[in-house]
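Trainee: I have a model open and want to learn how to read it. Where do we start?

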Amino acid sequence: MPKTMSQGRILGLGLLVASVFLFIDSFECTEYSPPSTQGELPYMTSNVEEVSGKSFDYIVVGGGTLGCPLAATLSEKFSVLVVERGGSPYGNPFLDREYYGYPLIQADEFSSVAQQFTPSDGVRNYRGRVLGGTSAINAGFYSRASKDFVDRAKWENDLVEEAYKWVESKIVFEPELTPWQSVVKLGLLEAGVVPYNGYSLEHIEGTKIGGSIFDVWGKRHTSADLLGAGNPKNITVLLNATVKNIIFHNNSKANETRAHGIRFIKSDGSTNQTYEAYRNQPKNSCSSGDVILSAGALGSPQILLLSGIGSGKDLKNFDIPVVLDLEGVGEGIQDNPSIAVVFDTSPQIQQGEPPQVAGIANDFKFIIEGIVIWTSFNSTRNRIAAKIALPASKGKLKLNNTDPRRNPSVTFNYLAEEEDLEQCVNMVQLLRQVAGSESITVFLGNHSQSNLNSSSNQLRQFCKQNLRTFYHNHGGCAVGSVVDHEYRVSGVKGLRVIDGSTFTESPGTNPMATVLMLGRYQGIKLLRERENCLPS
């Protein structure tokens, strides 16, 4: 009897795989016409002379995942300058779904859309350097934060919901599962990552299909598209310009330091040739705007340090005048440790494929996804990867030079805390069950390149030697130590940091959805703040 049941299961899986391959044929043969961009995009220029010396109500440093929805929202009533160190994503086919992973192959330190950096831990990582930021190069998986995360952040639930829906109505799509994603879904369920929640944008335990910023034609919709939802007449986007530092004015009578503007350079120019842009200075300071850093977990703390805000002792090592001795800058930066199982005994050429399905397991401790990623210009590989969702280990960011185009020094301290190492062992054991499921082994022919069938001590060593990243780094300007709950930098007027650097954990399955939401959310909060501002 057991033999008959086993044969039946294999026969059923065989029929499943056969139907999946039939689906591949129809999937590849269907023709679509890509949609047109919705909304008028604002004026964009790489000519620094067009911006130099001008003033704006708000200056947003970083046209990335958060900066674009923030700027779009503020533009409804105010003038906004967005300064982006990279170029435009439009017209670049290698950002679309079929080339998922290509920008990472092409990465360099100074000019590519993905900037490579390697922390002292030795795990290669990347950050976006293009309008749209990391949303232009990432997996595009869209999943909201948990209700608990929203409560801990002390955000307004109704406004959070409104902001999420605003983003989702413009750039989020329900994906059509590919054959590989269908098999990953079955593998997760076989491994006990249950229940099956179908298509959901919520962060709920089990296996689910998440949202995607790739549409049915495979076109990527980055956060830059959200600029079209604002008032294009009120937005100026300066591309290929890197902010060197913030300009401050000191009012000795009022005993306050206020952000006055920014000093920037051409991204391909000399650090000695600088330009300036300023924040409008209305008579009523209550109704004035801000310089807002939205440059990410590496960029925002780096700019604060280059501007003289941070550990006074460290700043003096680079002859940077101390504006504010603020020890928390760069502290507590984190990245989520990841382990991946690589399949296929030889590289195969197929289209890139970002994740559409996620497994959320072990009381939200582990996130598991499957991908097909380009590993060179002529080869791809199937991977199933898992991350520790809430690592205890924390690191530090600090300067190693004063060139704003170069990466700062980062140490994430992966697996430094014993509990993270223990969690990694448990995660690998679950990953082994998913990778060894009948659905996946039948589909791929059981060509796993990782030996996960080991003792606990061997798995601990395996974790240390095979550590990867999900590219979900965060922290460095945490709420409570660097900024308050309104994202104002402590001890300075007219300066805020609003991005993932303020997080103390990575929200949801993937943080992109919450970062996009926060841009809209804080934009609305700032508009309300200005409306309620009374003359002093």
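**Disulfide and sheet**

Mentor: Searching the whole structure turns up 1 disulfide. Keep in mind that this is a predicted model.

Trainee: Which residues does the disulfide join?

Mentor: First, the general idea. A disulfide is a covalent bond between the sulfur atoms of two cysteines. Here Cys424 is joined to Cys463, with S to S at 2.2 Å. The pair links distant parts of the chain, 39 residues apart. Cys424 sits in helix α9 (residues 418-435), and Cys463 in helix α11 (residues 456-465).

Trainee: Why is the disulfide left-handed?

Mentor: Look at the torsion about the S-S bond. For Cys424 and Cys463 it is about -105 degrees, so the disulfide is left-handed.

Trainee: Are Cys424 and Cys463 buried or exposed?

Mentor: Both Cys424 and Cys463 are buried. Buried means under 20% relative accessible area. Cys68 has 0% relative accessibility, so it counts as buried. Cys477 also counts as buried because its relative accessibility is 0%.

Trainee: Now the sheet. In what order do the 6 strands run?

Mentor: The order is β1-β11-β4-β3-β15-β26, in an open sheet with parallel pairing. β1 (43-45) and β26 (495-497) stand at the edges. Each has a single partner strand, so one side of each lacks a neighbour in the sheet. From one strand to the next, the twist averages 20 degrees.

Trainee: How many bridges pair β15 with β26?

Mentor: Strand β15 (residues 291-293) pairs with β26 over 3 bridges, in the parallel sense. Ile292 has Arg496 as its bridge partner in β26.

Trainee: Which strands does helix α2 lie across?

Mentor: Helix α2 (residues 67-74) lies across β3 (58-61), β4 (80-83), β11 (235-238) and β15. Helix α2 runs at about 170 degrees to β3.

Terms used: Residues numbered from 1 in each chain as written. Predicted model: local features only at pLDDT ≥ 70, side-chain atom pairs only at ≥ 80, totals over all residues. Heavy atoms only, no water. Disulfide = S-S within 2.5 Å. Helix = DSSP H or I, 4+ residues; strand = E, 2+ residues; numbered from the N terminus. Buried < 20%, exposed > 50% of the residue type's maximum accessible area, 1.4 Å probe, protein only. Pairing = 2+ DSSP bridges. Axes fitted to C-alpha atoms, helices over the stretch in contact; angles between N-to-C directions. Contact = heavy atoms within 4.5 Å.
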